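Dear colleague,

Please find below the structure that I am handing over to you. My notes on it follow directly after.

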Amino acid sequence: MEKQKQIEETLCACIGCDTEGNPVMLDIRKSPHVLIAGAMGSGKSICIHTIINSVLRFTPNEVRLLLVDTKMVEFSVYKNLPHLYVPIVKDAENAVKIIKELCGIVEERRKEMEENGYSDFSQTNYSQILLIIDEFAGLMCMCKDEIEPLLITIAQLGGAVGIHLILATQCPTSDVVTDSIKANMPCRIALRTSSISDSMTILGCKGAEQLKGCGDAILKRSNKAKETRLQISYINHDNMNAIVDI
């Protein structure tokens with residue numbers, strides 16, 4: 001139990017540096033679900049890779065990854081990782097299926113914790129699961145009625161049982177990043193957006209449309225009143241391959 005408690009308290013990803021050069025940590029325990037948005041070339045995909053590679057310091061018994069990549073290219077470097085909960089999901093039909101299963105795991109864990117009198121995830125021996133969906137706008141276009149309620153269920157209930165959600169999109173329009181999704185995912189990372197309206201959708205204010213691109217970002221967290229301007233850490237495929245092969 002002590003080991004699990006330590007993991008729960010330290011599941012942080014170093015995602016970059018602020019304007020003063022200080023490291024910016026994303027504490028997944030305090031911000032269990034993250035919404036990432038940015039136009040092409042903004043650094044959105046690099047941000048996702050930075051988070052993934054940062055948590056690979058944990059063992060597969062401690063942290064599992066459930067990766068959804070309908071573009072079929074972004075996560076291929078991770079195809080042999082022992083941390084994968086299932087093989088990388090590459091189509092909408094299988095994405096809906098596995099996310100439904102994950103919602104079932106959320107409910108199973110909630111029941112088991114209640115039956116055992118556990119009030120906090122750190123009292124369990126469950127591995128933490130990160131569901132990471134790159135370009136979830138595609139899923140929303142293909143199967144919004146099925147996928148949105150599942151994502152909201154995980155966003156509402158998953159954090160308490162060690163199941164976390166990271167959604168990323170190039171198209172943070174209001175029909176993709178709906179009010180229900182935004183309400184349940186207060187932690188947002190905005191990279192350069194294509195328009196003021198996209199910035200308003202992701203941050204609730206303008207400003208992201210003026211970012212410089214290439215990892216220039218704004219982090220908004222529910223436990224901090226002020227947004228953080230930061231530069232996302234750069235990681236290339238050679239770095240990723242080196243980490244994955246360790």
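Leu167 lies in strand β6, which covers residues 163-169. Please bear in mind that this is a predicted model. Is Leu167 buried or exposed? Its relative accessibility is 0%, and because buried means under 20%, Leu167 counts as buried. Leaving aside residues up to four places away in sequence, Leu167 touches Val34, Leu35, Ile36, Ile133, Phe136, Leu151, Ile181 and Met185. Ser54 stands 113 residues from Leu167 along the chain, and the C-alpha atoms of these two residues are separated by 17 Å.

**Helices α3 and α4**

Leu151, one of the residues touched by Leu167, also belongs to the part of α4 that meets α3. Helix α3 comprises residues 92-115 and helix α4 residues 136-157; their axes come within 10 Å and cross at roughly 15°. Because angles under 35 degrees count as roughly parallel, α3 is roughly parallel to α4. The crossing of α3 past α4 is left-handed. On the α3 side the contact includes Ala92, Val96, Ile99, Cys103 and Arg110; on the α4 side it includes Leu139, Cys143, Glu146, Ile147 and Leu157.

**Two residues with positive phi**

Glu135 is found in the loop between β5 (128-134) and α4. Although Glu135 is not a glycine, its phi is positive, near 55°. With a relative accessible area of 12%, Glu135 is buried.

Cys214 occupies the loop between α6 (196-203) and β8 (216-220). Cys214 is likewise a residue other than glycine with a positive phi, near 55°. Cys214, however, counts as exposed, at 65% relative accessibility.

**The hairpin of β1 and β2**

Strands β1 (residues 12-18) and β2 (residues 23-27) run antiparallel and are joined by five bridges. Four residues lie between the two strands of the hairpin, where Gly21 adopts a positive phi near 85°.

**Aromatic pairs**

How many aromatic pairs does a search of the whole structure find? The search finds two. One of them is formed by Phe75 and Tyr78, whose ring centres are 6.3 Å apart with 50° between the planes, a tilted arrangement. Phe75 is buried, with a relative accessible area of 0%, and Tyr78 also counts as buried, at 0% relative accessibility.

With kind regards

Conventions: Residues are numbered from 1 along each chain as its sequence is written. This is a predicted model: local features need pLDDT of at least 70, side-chain atom pairs count only at pLDDT 80 or more; totals for chains, interfaces and linings use all residues. Side-chain values use heavy atoms; hydrogens and water are left out. Rings of Phe, Tyr and Trp (its six-membered ring) pair if their centres lie within 6.5 Å; planes under 30 degrees apart count as stacked, over 60 as edge-to-face and the rest as tilted. Buried means under 20% relative accessible area, exposed over 50%, partly exposed in between (1.4 Å probe, protein chains only). Two strands pair if DSSP finds at least two bridges between them. Axes are lines fitted to C-alpha atoms, for helices over the stretch in contact, and angles run from 0 to 180 degrees between N-to-C directions. Angles under 35 degrees count as roughly parallel, over 145 as roughly antiparallel, 65 to 115 as roughly perpendicular and the rest as oblique. A crossing is left-handed if the near helix is turned anticlockwise from the far one by less than a right angle, and right-handed if clockwise. Contact means heavy atoms within 4.5 Å.
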